[in-house]
Amino acid sequence: IKPTYMSQAKVMIKVNSLPPQFVRGVPAGVGEFQYINKENATGTIEEILQSVDVIKSVIKELDIRDKKGRPYTYDAFMDPGMFRLIRKHKGIGIDSIVDSEMFLITGYSDKAPEAEAISERALDKSLALFSELYKKESRKARKAITERMGEARKELSEAEARVAGFKMKNNIYNPSAQTTTYLQDISALESDITRIERSYAEAVDSLEEIKKAVETQPAFKESALSAGKINIIEDYKRQTMSLEMSLAKVKTDLGAEHPDVKQIDNQIGSINRLIDKELASAYGAFENNGAGSNSPISKYGYAGVDIIKIQASKLVVLKKILDKKKLLNEIPDKEVELDKLALDVDTFKSTYSSLLSGLAAAENVEKMDIHNIMVIDRPADASLYFPEDDWTGYMVSAILTGFFIGLFVVFMQVYLAIKPESQRDAASSYPSTETPDKAE
């Protein structure tokens, strides 16, 4: 009998690490070998190792042909039994080792180098197949991650826009710093109120002293009691107070360089000039008598305007204090809402960062040969599979086989030899059917 050689490789499948760990932040099924689990892993992996692509690639690359020169078919080459190997001498076997995650890849051939090459090539193709399976799953994962990243980026942009819009609408950026600022502003404004009240008290006292000085002059009553002049001046004073308050508010809201500020400032200047004109008209006689602009009459006329300005300043500062306190009281509620919006931003940032990390890992897997096969033994030098070098066993088997065959033949010959005689004895036992005459 023509001898048949075999060469074996031993591999171990790492079942526990089959689900790849590079996919995070996406549905758990993406990127896993969903068709493999611990319960059916051994059988499934054996079928993968025995796949048509692996076996046909080995046949094609090694150009393995039968006696008639035809390439081996998958069925003829895969898992050959002893009798097929005695006839054809070539094939491959992939079998799991009982109660383990080990597999044997065995190449058979009537040529020792070819047996080793079959086992070696099948091992390489199996590694490549598992690597390609991982790359395929990685591509699916990368596609899913890329699509999800686009959604996460859009959600993150919308969340950031909501935060920015809320800050602009509510004029809140750093609640803690703004609270401190508001408290400092309120303290400074309260100091301004104290200063303004002191100035107001001084202005009132000054007005009273001036009034006492001019009331002793008879001509004062004639000019000062002119109802038309006094009413006009008081009306101008009220306008000045209103404009002063508007000016302070516009400066706070729009800034000192805003055109509206300059416009209100010009209106105040115009009214002040009108007041000066009316004062000069009302008390002109005293000015012409040599009293001059520092005369008690002139000071009395302008002192009322100064008091009006002080009162306007106080009202403006009080309004600012109320506004600051209102903003200060609104900060806690705004801060809670801002924290909610900021939490959405942080969540989307975390999701996007996780997806970005997963995408980078998936791209790396596509460039790497990752598989869960650990090669325990590379294909060894081919050894004789059949016939085994056990001539004593062959001789004993032949003797026993010949003995039983000979014994069978002897018994058959004896059986055949005694059978005709027994038939004759049986025939003589039947009664005769001939007539007496014929019997005679």
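Arg-70 is partly exposed, with a relative accessible area of 47%; here buried means under 20% relative accessible area, exposed over 50%, and partly exposed in between (1.4 Å probe, protein chains only). Arg-70 pairs with Asp-66 in a salt bridge whose closest N and O atoms are 3.4 Å apart, a salt bridge being a side-chain nitrogen of Lys or Arg within 4 Å of a carboxyl oxygen of Asp or Glu. Please keep in mind that this is a predicted model, in which local features need pLDDT of at least 70 and side-chain atom pairs count only at pLDDT 80 or more, while totals for chains, interfaces and linings use all residues. Residues are numbered from 1 along each chain as its sequence is written, and side-chain values use heavy atoms, with hydrogens and water left out.

**Salt bridges**

- By the salt-bridge rule, the count comes to 14.
- Asp-66, the partner of Arg-70, counts as partly exposed at 23% relative accessibility.
- Asp-110 and Lys-2 meet through their side chains in a salt bridge of 2.9 Å, N to O. Asp-110 sits in the loop between strand S3 (102-109) and helix H5 (112-170) and Lys-2 in the segment before strand S1 (4-13), so this pair ties together parts that are 108 residues apart in sequence. Helices (H or I, at least four residues) and strands (E, at least two) are DSSP runs, numbered from the N terminus.
- Within that pair, Asp-110 is buried at a relative accessible area of 17%, whereas Lys-2 is partly exposed at 47%.
- Glu-155 and Arg-148 form another salt bridge, with 3.6 Å between the closest N and O atoms. Glu-155 has a relative accessible area of 26% and is partly exposed; Arg-148 is partly exposed too, at 25% relative accessibility.

**His-89 and its surroundings**

- His-89 is found in the loop between helix H4 (82-88) and strand S2 (91-96), and its relative accessible area of 6% makes His-89 buried.
- The side chain of His-89 makes a polar contact of 3.0 Å with the side chain of Thr-4. A polar contact is a pair of N or O atoms within 3.5 Å; within protein, one must be able to donate a hydrogen and the other to accept it, and residues adjacent in sequence count only if both atoms are side-chain atoms.
- A polar atom of the His-89 side chain also lies 3.3 Å from the backbone oxygen of Ile-86.

**Positive phi values**

- For His-89, phi is near 70 degrees, a positive value in a residue other than glycine.
- Asp-63 likewise has a positive phi, near 50 degrees, and is a residue other than glycine.
- Asp-63 is placed in the loop between helix H2 (52-62) and helix H3 (74-77), and it is partly exposed, with a relative accessible area of 45%.

**Surface patches**

- Glu-202, Asp-205, Glu-208 and Glu-209 form a negative surface patch. Patches are made of residues with over 30% relative accessible area and no salt bridge: like charges are joined within 9 Å, and nonpolar side chains (Val, Leu, Ile, Met, Phe, Trp, Tyr) within 5 Å.
- For charges, Lys and Arg count as positive and Asp and Glu as negative, while His and the chain ends are not counted. The place of a charge is taken as NZ of Lys, CZ of Arg, CG of Asp or CD of Glu.
- Glu-209, one of the residues in the negative patch, belongs to helix H6 (residues 175-215) and is exposed, with a relative accessible area of 58%.
- Val-396, Leu-400, Phe-403, Phe-404, Leu-407 and Phe-411 make a nonpolar surface patch of about 620 Å². Accessible areas come from the Shrake-Rupley method with a 1.4 Å probe; for residues, only the protein chains shown count as cover.
- Phe-403, among the residues of the nonpolar patch, lies in helix H12 (residues 391-428).

**Pairs apart in sequence**

- Thr-106 and Leu-123 are 17 residues apart in sequence, with 9.6 Å between them in space, C-alpha to C-alpha. Thr-106 is found in strand S3 and is buried, with a relative accessible area of 2%.
- Gln-239 and Ile-308 are 69 residues apart in sequence and 9.9 Å apart in space, C-alpha to C-alpha. Gln-239 lies in helix H8 (residues 227-254) and counts as partly exposed at 33% relative accessibility.
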